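Please look over the sequence and the model first.

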Amino acid sequence: MLKITTHSLILGLLIVSWGAGAQTHQMNPLDLAVPIADEQAVAEGGEIFSEKCSACHGGRGVGTGRAPCVSCGKFMFRGNTNSEIYETIYSGTPRTGSRGGKMGAFSSMLDKSEIISLVTYLRATERARIASGEISDPYAENQDAMVFPD
Ligand code: HEC
């Protein structure tokens, strides 16, 4: 019940920020705002992603059999805010219960602005994929699991 309420709240806030035609993406007013319209930041994030992340997560973060999609608008390991995605990249995926434990921390390899450009790249890619119809709108449905495409 709480989860549904949280999802509805997030969805509502998201519609507000999208409706404004924002140049930045954030999931709620307190979330880390990432500059998805800044082509340089997106390009920088894309380069780092190709170098350090795509071997597991696939090109453009579409996911592989061994690592979930990170451009599908569904980040369920910690949560779907930019701050939570930042934290996942910073500290990796410590094993909690039945999931996690397969991705190391990038805190010693990437500085703050590089991690922010990665989050920017993932959100810009996600928005482009939704806009082109490549993926169905992830915000229209509740999703309780990480996405591992076939
Ligand atoms: C060695 C393979 C590997 C590499 C390299 C890797 N990841 Fe991951 N990542 C995973 C796996 C596997 C998971 C799912 C959690 C788990 O099983 O540990 C994950 C989870 C995530 C999540 C959470 C997904 C969700 O649904 O909440 C994010 C965000 C993420 N990775 C981003 C990145 C970024 C950005 C990079 C590059 C800096 C990166 N990963 C590099 C394997 C990897």
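Which residue takes a positive phi just after H5? It is Gly-133, with a phi of about 80°. Helices here are DSSP runs of H or I with at least four residues, strands are runs of E with at least two, and both are numbered from the N terminus.

The model is predicted: local features need pLDDT of at least 70, side-chain atom pairs count only at pLDDT 80 or more, and totals for chains, interfaces and linings use all residues. Residues are numbered from 1 along each chain as its sequence is written.

**Overall layout**

The chain has five helices and zero strands, so that its elements run α-α-α-α-α from the N terminus on. Of its 150 residues, 28% count as buried. A residue is buried if 20 or more other C-beta atoms lie within 10 Å of its own, exposed if 12 or fewer, and partly exposed in between, with C-beta atoms placed from the backbone. Two residues are in contact if their C-beta atoms, placed from the backbone, lie within 7 Å. Among contacts with a separation of 6 or more, 58% join residues 24 or more positions apart.

In H4 (82–91), the buried residues are Asn-82, Ile-85, Thr-88 and Ile-89. They lie on the same side of H4, because they cover an arc of only 120° around its axis; the arc is that of the directions from the helix axis to the C-beta atoms. Helix H5 (112–131) is included in what covers these residues. Just after H4, Gly-92 takes a positive phi of about 80°.

The 20 residues of H5 should span 28 Å at 1.5 Å a residue, and its end C-alpha atoms are 29 Å apart, which agrees. The expected span is 1.5 Å times one less than the number of residues.

**The core**

The largest nonpolar core has 20 residues, and those with the most contacts inside it are Leu-118, Val-119, Tyr-121 and Leu-122. H2, H4 and H5 are the elements that give it two or more residues, and the largest share, seven residues, comes from H5. Such a core is a set of buried Ala, Val, Leu, Ile, Met, Phe, Trp, Tyr and Cys residues joined through C-beta atoms within 7 Å. Not counting residues up to four places away in sequence, Tyr-121 touches Val-42, Gly-45, Gly-46 and Phe-49.

**Two loop residues**

Thr-24 is in the loop between H1 (2–19) and H2 (39–52), while Ser-108 is in the loop between H4 and H5. Leaving aside neighbours within four places in sequence, Thr-24 is in contact with Ala-33, Val-34, Pro-35 and Ile-36. Thr-24 is partly exposed because 17 other C-beta atoms lie within 10 Å. Ser-108, with 8 C-beta neighbours inside 10 Å, counts as exposed.

| Pair | Apart in sequence | C-alpha to C-alpha |
|---|---|---|
| Thr-24 and Thr-120 | 96 residues | 8.8 Å |
| Ser-108 and Ser-91 | 17 residues | 9.4 Å |

**Around the ligand**

The ligand is surrounded by 24 residues, and the closest are Cys-53, Cys-56, Phe-77, Thr-93 and Lys-102. By class, the shell has 15 nonpolar, five polar and four charged residues. Ala, Val, Leu, Ile, Met, Phe, Trp, Tyr, Cys and Pro count as nonpolar, Asp, Glu, Lys and Arg as charged, and the others, Gly among them, as polar.

Terms used
Near = placed C-beta within 6 Å.
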